[in-house]
Amino acid sequence: MNIQRKYSLPNCTLLLEGLSDVSRAAHFQELRPELSILVNAECYLSGYNQPLTGGREFFESLVRAVSAYAQEFLSSVPNPQAHNQESELVEFQKIGSDQHRLIVHSESAPEGFESNPTNYSQRPPIQIDLNTVQLFDLVEAVDQFFADSQTLPELSLELQPVTRRYGGASPAFIRQAVPAAVGVSSLAVAAIAFNMIPPPQVRPPQSQPDDKTSSITPNITPSASAATTPLTAAAATPIAAANPTSTPPVKNLESLLTTVPEITDASQLRALNRQVYNQIHPAWTNRLGLKQELIYRLGVAADGAIVGYKAVNKEANEGIGQTPLPNLLYNPANRAPISNEPIAQFRVVFTPEGVLQVSPWRGYLRTPEVIGTKISDANIVKGLNQKLYNTVRRNWGGKPTFKRDLKYRVAVNKDGVIADYEPLNQVAFDYFRETPLPKMFQSIYGSNVAAPNNQEPLAHFQVVFKPSGTLEVTPWRGYQ
């Protein structure tokens with residue numbers, strides 16, 4: 001019985017004709033008959049009027065070439081089975097990205113294709129150009145044939161791996177492998193380069209020169225002589241160093257006093273006490289905001305220059321910026337460097353009430369005396385006493401607000417001109433502006449804190465301003 005099998009797709013149709021085996025056909029006569037003997041195979045391709053025809057050898061070669069070329073096209077791995085023109089009747093060649101050539105070395109060329117009908121052995125091969133869509137319709141038709149178990153069941157497609165020599169390096173593999181290879185190579189080059197770099201040398205920390213932290217004022221230009229003095233070699237106190245606002249760094253007074261003598265003379269301390277007060281008092285302009293007393297220990301040279309300070313309490317350490325002390329430190333640019341000069345110490349207190357208190361750090365070892373030459377003639381002193389009383393009385397007016405006597409030491413020259421004045425008690429400090437003394441002193445010297453005139457003999461008096469408005473002027477009898 002003649003049996004036909006047809007595998008049809010839009011661009012390709014396979015038509016097989018054959019016979020079934022007699023014995024197996026009798027056994028399976030009720031079933032779909034098996035095509036076991038292929039008589040004729042026809043392959044219809046779109047665009048061509050005549051099909052490719054042939055027997056079993058042609059059909060088996062066609063299915064092997066189609067399968068091999070499809071694998072080569074999809075994997076980009078050359079497959080020699082698709083181009084075996086020596087032992088196969090059918091082969092494929094790729095002629096473009098979307099063009100494929102089907103070549104049939106047929107023993108009998110069908111009509112409609114270029115061939116030489118007079119000599120089959122000398123016929124040129126049939127060449128049919130397919131696009132990719134036609135190619136895969138042909139592949140699908142072949143797959144349908146292999147899926148049909150009732151058609152040539154003994155014919156199966158034996159897939160064999162392509163040998164390694166045909167594998168080569170595919171572009172996809174190259175695209176994936178190149179970045180990794182470049183990365184590994186770069187890492188290797190970097191490792192070699194780092195190995196060529198010598199290891200860093202470990203240097204032990206070097207101690208910083210002390211003079212960097214022992215400068216006295218920010219505008220000091222360090223000089224060789226200053227760097228060698230004990231004063232500049234002294235280190236800042238721990239408290240001062242911990243205070244970020246304490247600029248410039250202050251001197252360590254205790255260390256300084258171990259190298260220089262200390263001024264202990266009561267009279268000199270008394271005079272220096274006034275100079276220290278007269279420096280700090282007008283410079284302390286902002287007296288608001290203090291919640292606690294700020295207590296400092298000051299070092300003062302014999303000429304009254306403040307060479308250093310040290311905070312005594314915690315509040316003083318934190319509130320140094322609220323005091324004028326950093327700006328009052330002596331400037332070596334304006335004064336010769338201190339070298340082995342005697343130093344006096346004072347206790348300076350800034351109170352929350354805005355009162356400045358200055359006193360010798362160790363107090364007075366004896367009663368101080370007024371320094372300088374004195375006018376001792378009694379008649380002259382008596383005349384100067386009356387002249388001073390008249391001058392002060394004439395300039396003192398208004399109703400006093402203080403409740404206690406204001407006591408001052410006032411010095412005048414031989415002409416009765418005020419040369420110096422000094423409060424003798426705390427209330428005299430507090431209410432000195434209610435007396436005419438500051439204005440009188442300023443009118444002569446331009447400042448009420450000018451240094452006392454010790455260059456000429458002076459007559460000293462005690463002047464007392466009483467709350468009742470009474471004024472007393474008496475010859476000086478010394479500090480009480």
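Reply: A loop residue and its surroundings

Leu152 counts as buried, at 1% relative accessibility; buried here means under 20% relative accessible area, exposed means over 50%, and partly exposed is in between, with a 1.4 Å probe and protein chains only. This is a predicted model: local features need pLDDT of at least 70, side-chain atom pairs count only at pLDDT 80 or more, and totals for chains, interfaces and linings use all residues. Numbering runs from 1 along each chain as its sequence is written, and side-chain values use heavy atoms, with hydrogens and water left out.

Leu152 is not a glycine, yet its phi is positive, at about 45°. Most residues other than glycine have a negative phi. The residue sits in the loop that joins helix 3 (132–147) to helix 4 (164–167). Helices (H or I, at least four residues) and strands (E, at least two) are DSSP runs, numbered from the N terminus.

The whole structure has 16 aromatic pairs, where rings of Phe, Tyr and Trp (its six-membered ring) pair if their centres lie within 6.5 Å; planes under 30 degrees apart count as stacked, over 60 as edge-to-face, and the rest as tilted. One of these joins Tyr7 and Phe145, with ring centres 6.2 Å apart and planes at 75°, so the pair is edge-to-face. Tyr7 belongs to strand 1 (residues 2–9) and Phe145 to helix 3, so the pair ties together parts that are 138 residues apart in sequence. Tyr7 is buried at 6% relative accessibility, and Phe145 is buried at 1%.

Another edge-to-face pair is made by Tyr421 and Phe441, 5.5 Å centre to centre with 65° between the planes. Here strand 13, which holds Tyr421, meets helix 15 (residues 437–445), which holds Phe441, so parts 20 residues apart in sequence are tied together. Both rings belong to a cluster that ring pairs build from Trp396, Tyr408, Tyr421, Phe441, Tyr445 and Phe465. Tyr421 is buried at 10% relative accessibility; Phe441 is buried, with a relative accessible area of 1%.

A salt bridge is a side-chain nitrogen of Lys or Arg within 4 Å of a carboxyl oxygen of Asp or Glu, and the whole structure has 15 of them. Asp420 and Arg409 form one at 2.9 Å, N to O. That pair links Asp420 in strand 13 (residues 418–423) with Arg409 in strand 12 (residues 406–412), eleven residues apart. Asp420 is buried at 3% relative accessibility, and Arg409 is buried with a relative accessible area of 3%. Arg409 also meets Glu422 in a salt bridge, at 2.8 Å from N to O. This second pair again runs from strand 12 to strand 13, across 13 residues, and Glu422 is buried, as is Arg409.

Lys414 pairs with Asp415, their closest N and O atoms being 3.6 Å apart. Lys414 is exposed, with a relative accessible area of 59%, while Asp415 is partly exposed at 43%. Elsewhere, Arg56, Glu60, Arg64, Glu88 and Glu154 are linked in a network of salt bridges.

As for the whole chain, 42% of the 480 residues are buried, and the protein has 15 helices and 15 strands. Taking contacts as heavy atoms within 4.5 Å, residues 24 or more positions apart account for 63% of those with a separation of 6 or more.

The pLDDT, which is the predictor's confidence in each residue from 0 to 100, has a mean of 78, and 76% of residues reach 70 or more. It stays under 50 over residues 114–120, which have eleven contacts beyond four places in sequence. It also stays under 50 over residues 209–251, for which the model has 68 such contacts. Where pLDDT is low, the predicted coordinates should not be read in detail.
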